[in-house]
Amino acid sequence: MSRGGGSRRRRQEIPLAPVDRILHQAGAERVSEEAAIFLRDFLEKLAREVAKEAVEASRHAERKTVTEEDVKFAISRIQRYLCANYELARLSPSEEQR
């Protein structure tokens, strides 16, 4: 039986209000709903990737419990990946420079 009254849309875990509040705390005077949704979706995707890496780390250590260290390790792995790809994108010639 499906949860959520038969809807096939994925339920969002992070409410928009905290995301909107974060954008305002960062200095935004006004925040469009589209901006809050986009940031929320990005943060959820990032959190899911960190969670997957952390679970993998705990399983590698033959533990059932994901620890703070597993999460820190997962974040460092993803951070290295993001930084490396950012550097590659920055160093590669863009379409405008051709």
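Is Arg48 buried, partly exposed or exposed? Arg48 is partly exposed, because its relative accessibility is 33% (buried means under 20% relative accessible area, exposed over 50%, partly exposed in between, with a 1.4 Å probe and protein chains only).

This is a predicted model, where local features need pLDDT of at least 70, side-chain atom pairs count only at pLDDT 80 or more, and totals for chains, interfaces and linings use all residues. Residues are numbered from 1 along each chain as its sequence is written, and side-chain values use heavy atoms, leaving out hydrogens and water.

**Confidence**
- The chain has an average pLDDT of 86 (the predictor's confidence in each residue, from 0 to 100), and 82% of the residues score at least 70.

- Arg48 joins Glu44 in a salt bridge, at 3.7 Å from N to O (a side-chain nitrogen of Lys or Arg within 4 Å of a carboxyl oxygen of Asp or Glu).
- About one helical turn separates Arg48 and Glu44, because they are 4 residues apart in helix α2 (helices, H or I, of at least four residues, and strands, E, of at least two, are DSSP runs numbered from the N terminus).
- Glu44 is buried, because its relative accessible area is 2%.
- Glu49 pairs with Lys52 in another salt bridge, their closest N and O atoms being 3.5 Å apart.
- Lys52 counts as exposed, at 54% relative accessibility, while Glu49 is partly exposed, at 33%.

- Lys72 and Glu69 form a salt bridge, with the closest N and O atoms 3.7 Å apart.
- A network of salt bridges links Glu68, Glu69 and Lys72.
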